[in-house]
Amino acid sequence: MDEGQLVQGLRCQDPLAVQEMVASHGDRLFRSASLLCGNQAEAQDLVQETLFQAVRSASRFRGGSSIYTWLHGILLNLTRHYHRDRKRMVYDEKLARLEPAPQEEHPSRLDVELTAGALADALARLSGPHREVLVLRFYEDMKIHEIAAHLGISKGTVKSRLHYAIAEMQRRLPAEMNLFGACGTDVKEQ
Amino acid sequence: MHLPPRAPGSPLSPSEGERARERGPFARLGSWSQWGPKSARTLSPDAQAAAERHLSECPACRQMVERERQFALSLTDSFHRATASLRLPPEVQRRVLMTLAEERRAPEAGQASFFSWVRLAWPQALAASVLLLLAGLFFFTRAPVPKPASAPPRRAADEVLVQLSYIVPTYTFRHEDGFVVDALIYQTNVVSERFPAELARLH
């Protein structure tokens with residue numbers, strides 16, 4: 001099923017088209033949502049809502065972009081609402097005390113779990129707009145002008161947000177993750 | 001320009017801060033280098049030439065750019081490694097399909113109830129129309145009720161002006177130098193009223 005047929009099927013709410021959409025883009029959307037909101041349960045809900053809204057608004061899709069880009073645009077909007085709603089949540093100290101304390105992890109562990117945890121932690125400390133550009137650039141592999149078009153901002157703004165986000169990530173990610181390549185964080189004179 | 005290694009998260013020392021300020025203008029250009037050759041074309045040719053010229057002359061900036069490039073590559077790799085095991089649970093698809101099916105059923109049910117209401121509404125509307133018609137016939141066909149003759153306007157000669165006056169005594173008390181002083185005041189009130197002459201004659 002090509003993209004045209006898929007969109008046509010979605011407009012008719014054809015279950016086969018929905019299955020095709022989930023099979024083609026579900027995992028990627030879920031991964032992107034996990035990076036954007038930092039919570040897999042919330043990411044699952046966000047992707048589910050994205051798929052719903054995609055089917056409902058398929059008649060308005062004009063084919064100006066790929067289906068994935070269109071889906072990702074819906075996901076981004078929903079993620080922004082999610083972050084806005086989270087800001088409105090009242091912090092309950094009693095509930096916070098009931099939450100289990102985060103498990104201490106050995107700093108020398110370099111397995112995927114630690115990398116994912118540290119990465120999620122560093123991402124969570126970024127503001128929404130900075131997280132968005134970072135994920136779009138380095139996970140979705142979008143170019144500057146694509147990010148600018150996707151977010152409706154200027155290329156200069158994308159660059160400045162990226163620069164700040166990268167600097168923050170460099171500052172926050174643990175050195176043990178060896179994210180800086182074979183030479184680590186050392187800068188050697190050439 | 002030499003950039004000493006710094007552990008991530010550690011604060012900048014004063015000398016590092018100065019160096020960071022020195023390379024501030026270049027930092028923006030430096031960030032360009034990691035976007036890759038295609039998107040780097042978004043820089044103006046002059047700015048790109050200036051950046052490349054500077055990079056060829058300054059090993060510290062070259063290293064900084066290389067470090068950012070390496071970090072960017074590592075970040076991409078880390079994002080993919082961190083999320084590679086994530087799969088969208090199958091129940092999401094099931095829930096989407098179920099909800100869409102429910103939504104499809106709901107409008108049909110709504111339509112059915114609308115048509116059944118329309119079916120029932122016809123006899124009710126007909127009965128209401130007949131009732132309205134009968135009521136209209138009843139009100140418009142009955143004989144008009146004669147209006148009671150209006151009373152002739154009263155003339156001024158048929159009236160008598162009665163003026164009453166009465167006196168109202170008012171007793172007051174006040175304190176003066178520790179004594180209670182009382183006073184009785186008489187006030188005359190006058191009331192004027194017009195009465196029909198026959199009523200006045202009765203009295």
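Guide: Two residues are in contact here if their C-beta atoms, placed from the backbone, lie within 7 Å. With that in hand, take chain A: of the contacts between residues at least 6 apart in sequence, 64% join residues at least 24 apart. In chain B the corresponding share is 54%.

Visitor: What kind of model is this, and what pLDDT do local features need?
Guide: The model is predicted, with local features needing pLDDT of at least 70 and side-chain atom pairs counting only at pLDDT 80 or more, while totals for chains, interfaces and linings use all residues. Residues are numbered from 1 along each chain as its sequence is written, and chains are lettered from A and ligands numbered from 1 in the order in which they are written.

Visitor: What makes a residue buried or exposed?
Guide: Count the other C-beta atoms within 10 Å of its own, again placed from the backbone: 20 or more is buried, 12 or fewer is exposed, and in between is partly exposed. Buried residues make up 35% of the 190 residues in chain A and 12% of the 203 in chain B.

Visitor: Why is A:Gln13 called partly exposed?
Guide: A:Gln13 has 16 C-beta neighbours inside 10 Å, so it counts as partly exposed. This residue sits in the loop between α1 (3-11) and α2 of chain A, and has a positive phi of about 55 degrees without being a glycine.

Visitor: And why is A:Asp141 called exposed?
Guide: The count for A:Asp141 is 12, and that value still falls in the exposed class. A:Asp141 belongs to the loop between α7 and α8 (144-151) of chain A; its phi is positive too, near 60 degrees, and it isn't a glycine either.

Visitor: Why is helix α7 of chain A described as mostly covered?
Guide: Nine of the 11 residues in α7(A), residues 128-138, are buried. Among them are A:Arg131, A:Glu132 and A:Val135.

Visitor: How do you know how α2(A) and α7(A) are oriented to each other?
Guide: Their angle is about 150 degrees, with the axes 9 Å apart. That makes α2(A) roughly antiparallel to α7(A). Axes are lines fitted to C-alpha atoms, for helices over the stretch in contact, and angles run from 0 to 180 degrees between N-to-C directions. The classes are roughly parallel under 35 degrees, roughly antiparallel over 145, roughly perpendicular from 65 to 115, and oblique for the rest. In this contact, A:Ser32, A:Leu35 and A:Leu36 of α2(A) meet A:Arg131, A:Glu132 and A:Val135 of α7(A).

Visitor: What makes α9(A) and α4(B) roughly perpendicular?
Guide: Helix α9 (residues 155-172) of chain A and helix α4 (residues 59-83) of chain B pack at about 80 degrees, with axes 11 Å apart. Roughly perpendicular is therefore the label for α9(A) and α4(B). A:Ile166, A:Met169 and A:Gln170 come from α9(A), and B:Glu68, B:Phe71, B:Ala72 and B:Leu75 from α4(B).

Visitor: What makes up the largest nonpolar core?
Guide: A nonpolar core is a set of buried Ala, Val, Leu, Ile, Met, Phe, Trp, Tyr and Cys residues joined through C-beta atoms within 7 Å. The largest one has 56 residues, with A:Leu10, A:Ala33 and A:Leu75 among those with the most contacts inside it. Helix α2 (residues 15-37) of chain A gives the most to this core, 10 residues. Not counting residues up to four places away in sequence, A:Leu75 touches A:Leu29, A:Ser32, A:Ala33, A:Leu46, A:Val47 and A:Thr50.

Notes: Helices (H or I, at least four residues) and strands (E, at least two) are DSSP runs, numbered from the N terminus.
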